[in-house]
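Let's take a walk through this one together, starting with the overall fold and ending with a few aromatic rings. Keep the model open as you read.

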Amino acid sequence: PRHMDSLLDILDALEFPTRGGSPGPAMALGRGLGLCSTPGCRAVLAESLSTPERPPGVTSGQWQLLTELLCHDPATPERGAVLAPDGSTVALGPLLAGIEVGLRSGGFGRPLPTLDPPADPLLAVTIAEALGTSFLLAEAGDNNATAALGPDGCWDDVENPQNYTLRGPPSPVPDPVAIGAMDGVVLGAQLARGPLPVAELLRGYYGTGNGSEARRPPSSYRRRDFGALVGQGRLEKEVAAVLGVLRTLSPTPELLRDVGTQEVAAVARRAAREFSERYVGTGGVAP
């Protein structure tokens, strides 16, 4: 099933038997399977140069599920989502990208590159690039009618989730991507203070199998915690910054070729405002 528990079983097989709890194999595997598929994410985390083979300890069924979840297709971002124990649907792409940035910020693995113009790598790989791209696409659409955020969706079976269907035409930031991005920022910031095995981190955050059924898991407070880390003003600044980074890449993304500095600033302002209104609000518990 496409449930967080299924991912945790795979992470257990990758991280614990012979590796002393190291998060390294899981992160390298994610990039090798296509987790980092956008220009901005590749500028931060770099592409994997080889396609990985199924690791020992991971069954063929687990490998197939992991491949389907992490082979990111921008046209169907919802296919990389799992159902979390708190009832939310979480896209793994921005979640795991944020976790890798956090680990590397905390000294685990290769140092992160310095982006030019300066941009926060954690926000770049989780939400800033996706937001900037989505709102540029919406601006270029028919009379700005193209949705830049959402929609939400539903699972075929919450006990045995296999298929997640969006309730309308997808934007590059449907609800599961927004939730995965917020979680990626919160957990990435935590890991920057000290590395943990990814399975242990996710179990603690989502309250999986740790006797936390009687209380709300930390993931229920993602809106509050994300809002405390990233206010609307900072988000606006980082969306504009990452669009500046994209402009310096070769080849320059087509969306940015005829977009001026003032238009970038306006897109960033609108993106930060609408994302904050829809997903962050006044803080508190997030479903």
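Helices here are DSSP runs of H or I with at least four residues, strands are runs of E with at least two, and both are numbered from the N terminus. One thing to keep in mind: this is a predicted model. On that count, the protein chain has 11 helices and 4 strands. Of its 287 residues, 50% count as buried. Look at contacts between residues at least 6 apart in sequence, and 71% of them join residues at least 24 apart.

Now for the backbone. Serine 250 and proline 251 are joined by a cis peptide bond, with omega about -5 degrees. Proline 251 sits in the loop between α10 (232-248) and α11 (261-280). Glycine 150 to proline 151 is cis too, with omega near 5 degrees, and proline 151 is in the loop between α6 (121-140) and β3 (153-155).

On to the rings: the whole structure holds 4 aromatic pairs. One of them is tryptophan 155 with tyrosine 164, tilted at 55 degrees between the planes and 5.1 Å centre to centre. Tryptophan 155 is buried, at 12% relative accessibility, and tyrosine 164 is buried with a relative accessible area of 12%.

Phenylalanine 275 and tyrosine 279 form another tilted pair, 5.0 Å centre to centre with 45 degrees between the planes. Where do they sit along helix α11? They are 4 residues apart, so about one helical turn separates them. Phenylalanine 275 is buried at 0% relative accessibility, and tyrosine 279 is buried at 5%.

Conventions. Residues are numbered from 1 along each chain as its sequence is written. This is a predicted model: local features need pLDDT of at least 70, side-chain atom pairs count only at pLDDT 80 or more; totals for chains, interfaces and linings use all residues. Side-chain values use heavy atoms; hydrogens and water are left out. Buried means under 20% relative accessible area, exposed over 50%, partly exposed in between (1.4 Å probe, protein chains only). Contact means heavy atoms within 4.5 Å. Rings of Phe, Tyr and Trp (its six-membered ring) pair if their centres lie within 6.5 Å; planes under 30 degrees apart count as stacked, over 60 as edge-to-face and the rest as tilted.
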